[in-house]
Amino acid sequence: MSAAGVALMLGGAGILLAASPAQAADVSYKTECIPPSISGLPPVQGTTKVQLTAPAEAKVGDTVEVVWKTVEAASSNPDVLDLEKDTVKPTGTVKVGGAASGDLPMEGPRQNPPIPKNSPMVLPDMKGTLKLEKAGEITLTPDAYNINVSKPISTDTKCSPKETVQPGATIKVTDGGGGTTTAGGTTTAGGTTVGGAAGGGAGAGGTDSGGTDSGGTTTGSSGGGNGGQTDFEGKEVSVAYACKTPIGDKNATSPVKIDAKKNGGSFDLTVKFSKSVMDSPADIPADSVKPSMEVKLGGADKGTVHVEGPTNKEPINSGDPIEIPDLTGTYKPGASGRSTLSPGVLTVMALGTTTTCTPPAGVAVSLELDTASQPGGAAGGAATGGTASAGGTDSGGGLAATGAEDNGTLRALGLVAGTAILLGGAVFTFTPWRRLRGTR
C-alpha cells in the first residue's frame, strides 16, 4: 500500500487537507552519497537542495500532504551509462520535530526524462502524508534519501546528510491534544518512533577463500589403463586469475578442482569452484551469465579442453549467494602417457560482453591421468568437447577482452556473469549450484 493509502486508512475520513496556504522553502545541506558497491565508484561528496511544501497552518485531526522537491541532488549520473526514461525512483525521510517527533517516509514515482552520462540527476517529487493529533508548531526537515535505478539491474545510491540540516517547513497546529501519527508506514506515539525510513541499498560482502596449492593428484597406472579405475578426483588448487574486463584489469583468486570419469577411451571432466561465498550486491536477471573454461593439458598431452556451465536459470536476488555451476566437457586424449590437467582461461559471457580471466603461467596441476591416444584427440593444441572460448587455445598468456562494443550495461552491472569481482577489493567468488540450491 502506498504512503497515501496508509494515510487514508489511518486518517479515518481520509481527506488530505491544506487548511491554510501551503508554504515552500529551499534548504541546502552537505551530503555524502554511496553508489552501489558493484559500480566500483567512490563515495560522492556534494550538496543537496530541497524544497519542502506543506500547509502553514492546520488543525488537530487534519491529514496534510508534504511534498519534497529535489532542486539539486548531491550526485550526478556518473560516466557509466545513460539512464533510460522512467527508470529512476527516489525515496526519502523527513524528520518531524517540534511539537511532534518521528520520521515521515517520502516516496516518488519512477518517473524521469532520459539522463545522459555526466549530467545532473533529475528526480521526481516525493510525497508523504501526516496526520496531526497534537497542537503546537511542527517542523519538517529533509534527511536521508535513496535513488533507485531499475535498469539494467536494480541498484541503489544512498545519500545522507553530513551536517545539521535546517527545517524546510513549519506547520502551526491548533486545537486538541494527543500523539502524532505519521502516515506512510511510520507511526509515532508519545515521541517514540516505530518503524524506519524508506529506501535501502543492496549490500555487498563476502570472503575470499584461497584453498591449497597442490602439485596435483596422480591416479591409475601407466599405459593408459588406470588400473581399472573409472573415477578420478583432482586436488583443489588456488588460482590467481588476471582478469580483463570491459571496465579494466582486475586480479582475483579462487580455488578450483578438476575431476574426471572414464568414458571409454575418453574422460568426462567436471571443473568445480568452491569454498568461497558472497552475497549478491544487486538483483541479477535469469539466463544472463554463461561461464566456460579451457582446461590446460600438460605432461604427455598438449592443448586445451573446453568445459562450460549452464546459465543461471533463476534470477539471483540481492543478498542471495552468487554462484557458478560446475563446468563440464569431454577430454579425448591425443597422446599416450601421463597427462596433467590444470585450470585454464576462464571466460564469462554477460549481457553481450566477454570477460577473460587468465591463470599464471605456473598454475598448479589439479589432476594427472594415464592416457591412451585417441583418434582426433587433443594433442597439438586443439580444444575438444566444444569450441574454445574467445582468445585462443592455450591459457599461458593474457587475452584481450572481447564482446559488445557498447559495454555500458556491464560497467553499470559491475560484475562478471556468475562471478562477482568487487571493483574495489577484487574478490572472486564461486559456489556450486547444488550446494546453494538447498539454501534458497
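1. D86 is partly exposed, at a relative accessible area of 31%. Here buried means under 20% relative accessible area, exposed over 50%, and partly exposed in between (1.4 Å probe, protein chains only). D86 has a positive phi of about 55°, although it is not a glycine. The residue sits in the loop between β5 (76-77) and β6 (88-98). Helices (H or I, at least four residues) and strands (E, at least two) are DSSP runs, numbered from the N terminus.

2. Keep the basis of the model in mind. This is a predicted model, in which local features need pLDDT of at least 70 and side-chain atom pairs count only at pLDDT 80 or more, while totals for chains, interfaces and linings use all residues. Residues are numbered from 1 along each chain as its sequence is written, and side-chain values use heavy atoms, with hydrogens and water left out.

3. pLDDT is the predictor's confidence in each residue, from 0 to 100. The chain mean is 73, and 65% of the residues reach 70 or more. Strand β24 (residues 327-331) has the highest confidence, at a mean of 96. Strand β15 (residues 192-194) has the lowest, at 30.

4. Two stretches need care. Over residues 1-20 the pLDDT stays under 50, and the model gives this stretch 34 contacts beyond four places in sequence. Contact means heavy atoms within 4.5 Å. Residues 380-440 are also below 50 in pLDDT. That stretch has 186 contacts in the model beyond near neighbours in sequence.

5. N118 also has a positive phi, of about 60°, and is not a glycine. Its place is the loop between β7 (102-107) and β8 (119-120). N118 is exposed, with a relative accessible area of 58%.

6. What does R110 touch, leaving aside its neighbours within four places in sequence? The list is D86, T87, V88, K89, N148, V149 and S150. R110 itself lies in the loop between β7 and β8. R110 is partly exposed, with a relative accessible area of 32%.

7. The side chain of R110 has polar partners. One of its polar atoms lies 3.0 Å from the backbone oxygen of T87. R110 and T87 are 23 residues apart in sequence, but 5.9 Å apart in space, C-alpha to C-alpha. The R110 side chain also makes a polar contact with the side chain of N148, at 2.9 Å. A polar contact is a pair of N or O atoms within 3.5 Å; within protein, one must be able to donate a hydrogen and the other to accept it, and residues adjacent in sequence count only if both atoms are side-chain atoms.

8. How many aromatic pairs does a search of the whole structure find? It finds three. Rings of Phe, Tyr and Trp (its six-membered ring) pair if their centres lie within 6.5 Å; planes under 30 degrees apart count as stacked, over 60 as edge-to-face and the rest as tilted. One of the pairs is F232 with F267, which is edge-to-face, at 6.0 Å centre to centre and 65° between the planes. F232 lies in strand β17 (residues 231-232) and F267 in strand β20 (residues 266-273), so the pair ties together parts 35 residues apart in sequence. Both residues are buried.

9. F267 and Y331 are both buried. Together, F232, F267 and Y331 form one aromatic cluster.
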